[in-house]
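Subject: Structure for your review

Dear colleague,

I am handing over the structure below, followed by notes on what was found in it. Please read the notes with the model open beside them.

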Amino acid sequence: MHVSGGRKACVSFISRFLLFFSLQTFEKLLIANRGEIACRVIKTCKKMGIRTVAIHSDVDANAVHVKMADEAVCVGPAPTSKSYLNMDAIMEVIKKTRAQAVHPGYGFLSENKEFARRLASEGVTFIGPDTHAIQAMGDKIESKLLAKNAKVNTIPGFDGVVKFELLSNCSPLLGYPVMIKASAGGGGKGMRIAWDDEETREGFRFSSQEAASSFGDDRLLIEKFIDNPRHIEIQVLADKHGNALWLNERECSIQRRNQKVVEEAPSTFLDPETRRAMGEQAVALAKAVKYSSAGTVEFLVDSSKNFYFLEMNTRLQVEHPVTECITGLDLVQEMIRVAKGYPLRHKQADIPINGWAVECRVYAEDPYKSFGLPSIGKLSQYQEPLHVPSVRVDSGIQQGSDISIYYDPMISKLITYGSNRAEALKRMEEALDNYVIRGVAHNISLLREVIVHPRFVQGDISTKFLPEVYPDGFKGHKLTDLERRELLATAASLYVAEQLRSQRFLGTARIPVAKSKRSSWELSVRLGDGIYPVAVSKDGSSFSVEVDGMKLNVTSEWNLASPLLSVTVDGTQRTIQRLSRNASGDTNIQFLGTVYKLQILTKVAAELSKYMPEKAAEDTSSILRSPMPGAVVAVSVKPGDTVSEGQEICVIEAMKMQNSMIAAKTGKVKAVHCKAGDTVGEGDLLVELE
């Protein structure tokens with residue numbers, strides 16, 4: 001975790017409680033996790049004077065959390081079932097290192113009651129609730145029954161575990177649409193929405209497989225799907241002495257595939273009365289199961305502010321930083337103190353809402369494919385925007401880190417804070433523009449478009465925001481005429497600045513054969529389907545650029561070696577990134593979050609380029625390529641089979657999510673180039689049709 005300057009509310013969760021760090025808790029703590037959450041826990045442990053032990057798989061041997069910890073031990077090979085979910089190996093490390101406590105982070109074993117039970121049997125403290133609460137709340141079926149008994153509003157549904165043979169009975173009773181979800185898990189894994197019988201059967205199959213893969217438990221439940229709701233959750237904190245608090249809400253409605261993308265605290269939608277009612281019900285549920293630790297009670301909220309219990313996560317939530325920013329509490333520290341037996345230090349009246357915080361989940365994903373299909377690779381260049389005021393970055397990677405197919409593709413959590421929502425959003429916009437990520441695809445463009453969209457700015461959001469705003473999929477930022485001229489002028493100025501730099505000879509008295517006082521350039525710039533004549537003239541330290549018959553003034557320091565370039569066009573400042581260029585004039589520029597492909601040529605070169613043959617596009621209707629790197633789970637066809645358009649060909653699993661690959665047309669299978677268990681890369685040929 002890293003934080004930058006500005007208002008200190010986002011960093012005060014560390015500094016405000018330094019005087020309490022002298023309290024005795026644990027001498028050594030093991031983090032049973034990886035990545036950014038492991039780094040997050042280590043940060044607080046260091047400030048509390050607690051020595052830390054990291055575990056890692058063989059592919060994570062050089063990971064940041066391994067380097068940060070005082071000790072690190074390998075627990076197995078890359079697959080999670082053989083490493084981060086390998087309880088026997090982790091228990092052996094605990095004994096070997098004599099760790100007194102274990103923080104599970106989130107995911108993996110964080111809500112596994114058997115792991116908590118085994119720790120307790122060895123006299124090791126689990127930084128979380130006891131096994132009873134994990135059992136009660138970690139099981140969505142049991143938690144729903146307990147919530148009803150605690151007078152918490154619940155969603156209508158089928159009470160009990162659903163078996164495949166009972167599907168035909170469940171859905172008609174509830175009416176479509178229905179939500180199928182894993183009983184033992186969370187984080188969007190093992191979750192599907194079904195609108196008819198066929199989707200219910202298919203959703204059951206995929207959800208049970210994902211649930212088994214992610215949580216080792218394939219039990220499912222079905223409940224009525226509330227269409228177009230908000231997803232708002234309440235953070236709770238409870239101790240072993242019967243005290244419990246609600247730490248306000250988090251708005252988590254911006255989602256794709258039931259996984260959160262943008263979160264904020266507080267919510268624009270809740271009034272004080274609704275907030276209090278939700279908080280009191282969340283605390284009532286926590287007390288009903290004698291909960292002790294930090295936990296999150298999730299609700300669905302309809303347009304009339306009716307709210308319904310969704311689930312309780314008995315762990316630290318991914319989006320906990322926004323709560324820390326507006327309350328000033330360090331939730332990891334509070335969890336450790338509670339686990340040691342200390343009572344809570346605060347009363348409900350002490351919990352403030354100071355300012356506004358927004359979190360964007362930065363993923364190694366291609367947002368142009370289903371709002372984000374995973375990308376793998378090495379981070380060839382990486383620079384967090386910590387120079388932007390009031391920015392916090394929770395990450396577990398660094399330049400040179402590998403993003404692999406084995407784990408969640410999250411790069412970091414980017415958090416900004418402001419005295420109000422507008423200020424927090426403006427800082428987020430600036431932070432996204434200043435975030436340098438090279439080597440993998442990422443979702444910066446999608447995140448930036450979401451936070452500046454008029455509906456989001458107005459607070460008019462729901463869990464269907466992305467499909468409603470982008471019904472045909474995300475296409476990137478759509479340039480206005482003014483923005484298009486700004487981009488063309490910037491790209492042309494960048495081209496000329498580089499030409500001028502290449503003419504300079506440093507450290508030599510070389511005399512040119514002929515003096516060159518060129519001060520104007522006629523260029524042709526291709527952007528999308530358009531070709532634009534652009535005239536550039538040097539005007540002192542700036543450039544005067546004519547586009548569409550309009551003149552624009554472009555100024556910058558033109559530090560071409562920097563990954564970030566601050567450019568001012570007619571008084572409007574923009575931060576851009578030039579990602580690549582080649583000798584053919586092709587260049588990729590990140591502008592307003594989106595990467596644009598341009599070709600910049602001199603007028604003469606543009607005329608000659610018309611005679612260059614263009615490569616014909618590949619006919620993809622008869623072939624199926626993998627849209628992402630992953631592992632082949634199943635292949636449903638063989639050579640000679642006849643398939644129909646839309647029929648499932650195979651299933652690819654990436655980052656624990658299963659994706660059905662379908663035929664683009666009706667035809668006969670000519671060749672199958674993969675089998676179950678194969679690892680495939682993005683673009684790899686899977687199946688050919690005749």
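**Strand β22 and its partners**

Strand β20 (residues 391-395) pairs with β22 in the antiparallel sense over five bridges, and Val 393 has Leu 414 as its bridge partner in β22. This is a predicted model, in which local features need pLDDT of at least 70 and side-chain atom pairs count only at pLDDT 80 or more, whereas totals for chains, interfaces and linings use all residues. Residues are numbered from 1 along each chain as its sequence is written, and side-chain values use heavy atoms, with hydrogens and water left out. Helices (H or I, at least four residues) and strands (E, at least two) are DSSP runs numbered from the N terminus, and two strands pair if DSSP finds at least two bridges between them.

Strand β15 (residues 356-363) is also joined to β22, by eight bridges and in an antiparallel direction; here the partner of Val 362 in β22 is Ser 412. Strand β22 itself (residues 410-418) is mostly covered, with nine of its nine residues buried, where buried means under 20% relative accessible area, exposed over 50%, and partly exposed in between (1.4 Å probe, protein chains only).

An open sheet of five strands has the order β4-β3-β2-β5-β6, with parallel pairing; its edge strands, each pairing on one side only, are β4 (71-76) and β6 (125-126). Within this order, β2 (residues 28-31) and β3 (residues 51-57) pair in the parallel sense over four bridges, and Ile 31 has Ala 54 as its bridge partner in β3. Helix α4 packs on the sheet, touching β2, β3, β4 and β5 (101-103), and its direction makes about 155° with that of β4. Contact means heavy atoms within 4.5 Å, while axes are lines fitted to C-alpha atoms, for helices over the stretch in contact, with angles running from 0 to 180 degrees between N-to-C directions.

The axes of α4 (residues 87-97) and α5 (residues 113-121) come within 11 Å and cross at roughly 30°, which makes α4 roughly parallel to α5 (angles under 35 degrees count as roughly parallel, over 145 as roughly antiparallel, 65 to 115 as roughly perpendicular and the rest as oblique). The contact involves Met 87, Asp 88, Ile 90, Met 91 and Ile 94 of α4, and Glu 114, Phe 115, Arg 118 and Leu 119 of α5.

**The antiparallel sheet**

Four strands form a further open sheet in the order β32-β39-β37-β34, and their pairing is antiparallel. Its edges are β32 (623-625) and β34 (642-643), each of which pairs on one side only. Three bridges join the antiparallel strands β37 (residues 667-672) and β39 (residues 685-689), and the partner of Val 669 in β39 is Leu 689.

**Backbone points to check**

Most residues other than glycine have a negative phi, and most peptide bonds are trans. The peptide bond from Ala 265 to Pro 266 is cis, with omega near 0°, and Pro 266 lies in the loop between β12 (259-265) and α10 (272-288). Asp 548, in the loop between β26 (542-547) and β27 (550-556), has a positive phi near 55°, and at 40% relative accessibility this residue counts as partly exposed. Asp 570, in the loop between β28 (565-569) and β29 (572-581), has a positive phi near 50° and is partly exposed, with a relative accessible area of 49%.

With best regards
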